[in-house]
Amino acid sequence: LAVTEADGNPRAIFQAQLTATMLDISEGDAASAGNRITIIDGLQGGWERSGDHPPQIVALVEVAKAGVARLHKDFGGAEVHLRLAADAAMRSQDQPVVGQVAMAVAGYALDRGDIALAVRAVDLATSLSGAYDSTAPEVIAIVAAADKAGIGRPRTDLPERPMAVESLSE
């Protein structure tokens with residue numbers, strides 16, 4: 001991060017800060033993640049085409065903001081950010097980005113106690129990414145919750161796309 005900042009490229013700094021934000025979120029460090037979001041918001045305004053960011057970038061920033069809101073137990077705020085992320089991801093038509101948003105929805109759903117939605121969101125992410133990541137902390141938690149609730153776990157195979165896409169409308 002220090003080397004990237006020293007180079008001074010706003011887009012590279014932005015990407016490094018966004019990656020660091022996601023690490024902070026995964027470690028539960030709301031303060032550091034929140035500080036990085038402030039930096040990211042400032043960097044976005046410094047790009048040549050301010051306000052005209054690729055939808056993938058908008059989606060990933062909104063996922064990060066949702067993560068910070070979830071750490072603060074602000075589920076209303078998290079939902080707003082996830083809806084913005086989903087809208088941007090769908091506009092991008094970038095399947096890996098849509099998959100990342102789906103995984104964020106899965107974590108949010110688990111936080112809210114909606115295990116069935118969390119399982120469906122993991123299934124959607126699996127379908128979009130082409131792989132089931134049984135090592136992801138969110139997936140581990142969702143599998144445990146689904147097993148405990150007796151509702152079935154996320155599928156380790158690739159779900160049928162029409163079934164997975166239905167999850168987006170919920």
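In the chain, 58% of the contacts with a separation of 6 or more are accounted for by residues 24 or more positions apart, a contact being a pair with heavy atoms within 4.5 Å. The model is predicted, so local features need pLDDT of at least 70 and side-chain atom pairs count only at pLDDT 80 or more, whereas totals for chains, interfaces and linings use all residues. Residues are numbered from 1 along each chain as its sequence is written, and side-chain values use heavy atoms, with hydrogens and water left out.

The secondary structure of the chain consists of nine helices and zero strands. Helices (H or I, at least four residues) and strands (E, at least two) are taken as DSSP runs and numbered from the N terminus. The order of elements from the N terminus is accordingly α-α-α-α-α-α-α-α-α. Of the 170 residues of the chain, 42% are buried. Buried denotes under 20% relative accessible area, exposed over 50%, and partly exposed the range in between, with a 1.4 Å probe and protein chains only.

The largest nonpolar core comprises 32 residues, of which Phe14, Leu18, Ile40, Ala59, Ala89 and Val101 touch the most other members. A nonpolar core is here a set of buried Ala, Val, Leu, Ile, Met, Phe, Trp, Tyr and Cys residues joined through side-chain atoms within 4.5 Å. At least two residues of this core come from each of helix H2 (10-26), helix H3 (30-45), H4, helix H5 (75-92), helix H6 (95-111) and helix H7 (115-129). The greatest contribution to this core is that of H4, with nine residues. When residues up to four places away in sequence are not counted, Leu18 touches Ile40, Leu60, Val61 and Ala64.

Two packed helices are described by the angle between their axes and the distance between the axes. The axes of H7 and helix H8 (residues 137-149) come within 10 Å and cross at roughly 135°. Axes are lines fitted to C-alpha atoms, for helices over the stretch in contact, and angles run from 0 to 180 degrees between N-to-C directions. H7 and H8 are therefore oblique to each other, since angles under 35 degrees count as roughly parallel, over 145 as roughly antiparallel, 65 to 115 as roughly perpendicular and the rest as oblique. From H7, the contact involves Ile115, Ala118, Val119 and Val122, and from H8 it involves Val139, Ile142, Ala145, Ala146 and Ala149.

Side chains of opposite charge can pair when their charged atoms come close. Five salt bridges are found in a search of the whole structure, each defined by a side-chain nitrogen of Lys or Arg within 4 Å of a carboxyl oxygen of Asp or Glu. One of them joins Asp24 and Arg36, whose closest N and O atoms are 2.7 Å apart. This pair links distant parts of the chain, with Asp24 in helix H2 and Arg36 in helix H3, 12 residues apart. Asp24 is buried because its relative accessibility is 8%, and Arg36 counts as buried at 18%.

A further salt bridge brings together the side chains of Lys65 and Asp41 (3.1 Å, N to O). Here too distant parts of the chain are linked, Lys65 lying in helix H4 and Asp41 in helix H3, 24 residues apart. Lys65 is buried, with a relative accessible area of 18%, whereas Asp41 is partly exposed, at 35%. Beyond its neighbours within four places in sequence, Lys65 is in contact with Ile37, Asp41 and His81. Another salt bridge is formed by Asp87 and Arg91, with the closest N and O atoms 3.3 Å apart. Because Asp87 and Arg91 are four residues apart in helix H5, about one helical turn separates them. Asp87 counts as partly exposed at 45% relative accessibility.

Backbone geometry was also examined. Most residues other than glycine have a negative phi, and most peptide bonds are trans. Lys73, a residue other than glycine, has a positive phi near 60°. Lys73 is located in the loop between H4 and H5 and is exposed, at 60% relative accessibility. Gln93, which is not a glycine, likewise has a positive phi, of about 55°. Gln93 is located in the loop between H5 and H6 and is exposed, with a relative accessible area of 70%.
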